[in-house]
Amino acid sequence: MMTVCPRTLADARREFLRHRSPRILLACLFLALAARLLVGGFTWWNVVPFVVVVLVQPFLEWTIHVFVLHARPRRIAGRTFDTVVARDHRLHHQDPRDIPLILIPSRWVWYLIGSVLIFGLAFPGWPMRTTSRPSRWRSCTNGRTS
Ligand SMILES: [Zn+2]
């Protein structure tokens, strides 16, 4: 497949936004920021995930690349098991300029969003989570939070 690579930053932005998974992730970022602004109660704990992602990303990327994306098919009880992400990644290595193979497939973005929501529900007291009650509501209950 012949792929045309963007030549300018504007072309790259247009190409990036043409794909579904970046649009989904940007919408999630916008919704998270809007929720934070609506709910209020910003603390420095809200910045921690960004800092952690920046610090951990190179190591996480390498670990995922080696152990998940380059996982070899395994033969168990006469059947071969091969993950979808490893198969997709092998296609990426065959054609590194095929842009959809560079981006996270949108089906995996939905799994990621689901995981984050489940994590938020499983750990409701986690300080980095947006509080479930706006600060205005707390003031209506004379400071009682339960
Ligand atoms: Zn690779």
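## Ground rules

Residue numbers start from 1 in each chain and follow the sequence as written. Because the model is predicted, local features need pLDDT of at least 70 and side-chain atom pairs count only at pLDDT 80 or more, while totals for chains, interfaces and linings use all residues.

## Overall make-up

The protein has seven helices and two strands, running α-α-α-β-β-α-α-α-α from the N terminus on. Helices (H or I, at least four residues) and strands (E, at least two) are DSSP runs numbered from the N terminus.

Burial is quick to report: buried residues make up 0% of the 146 residues. Here a residue is buried if 20 or more other C-beta atoms lie within 10 Å of its own, exposed if 12 or fewer, and partly exposed in between, with C-beta atoms placed from the backbone. Of the contacts with a separation of 6 or more, 56% come from residues 24 or more positions apart; a contact means C-beta atoms, placed from the backbone, within 7 Å.

## The α2 and α6 pair

Helix α2 covers residues 20-39 and helix α6 residues 106-122; their axes come within 8 Å and cross at roughly 25°. Axes are lines fitted to C-alpha atoms, for helices over the stretch in contact, and angles run from 0 to 180 degrees between N-to-C directions. That makes α2 and α6 roughly parallel (angles under 35 degrees; over 145 is roughly antiparallel, 65 to 115 roughly perpendicular, the rest oblique). On the α2 side, R20, S21, I24, L25 and C28 meet S106, V109 and I113 of α6. Sorted by type, the residues of this contact are five nonpolar, two polar and one charged (nonpolar: Ala, Val, Leu, Ile, Met, Phe, Trp, Tyr, Cys and Pro; charged: Asp, Glu, Lys and Arg; polar: the others, Gly among them).

As for length, the end C-alpha atoms of α2 are 28 Å apart, which agrees with the 28 Å its 20 residues should span. The expected span is 1.5 Å times one less than the number of residues. α6, with 17 residues, reaches 24 Å, close to the 24 Å expected. The count of buried residues is zero in α2 and zero in α6.

## Two positive phi values

Just after α2, G40 takes a positive phi of about 75°. A77 has a phi near 55°, positive in a residue other than glycine. Most residues other than glycine have a negative phi. A77 sits in the loop between β1 (74-76) and β2 (79-81) and is exposed, with 5 other C-beta atoms within 10 Å.

Technical notes:
Contact = placed C-beta atoms within 7 Å.
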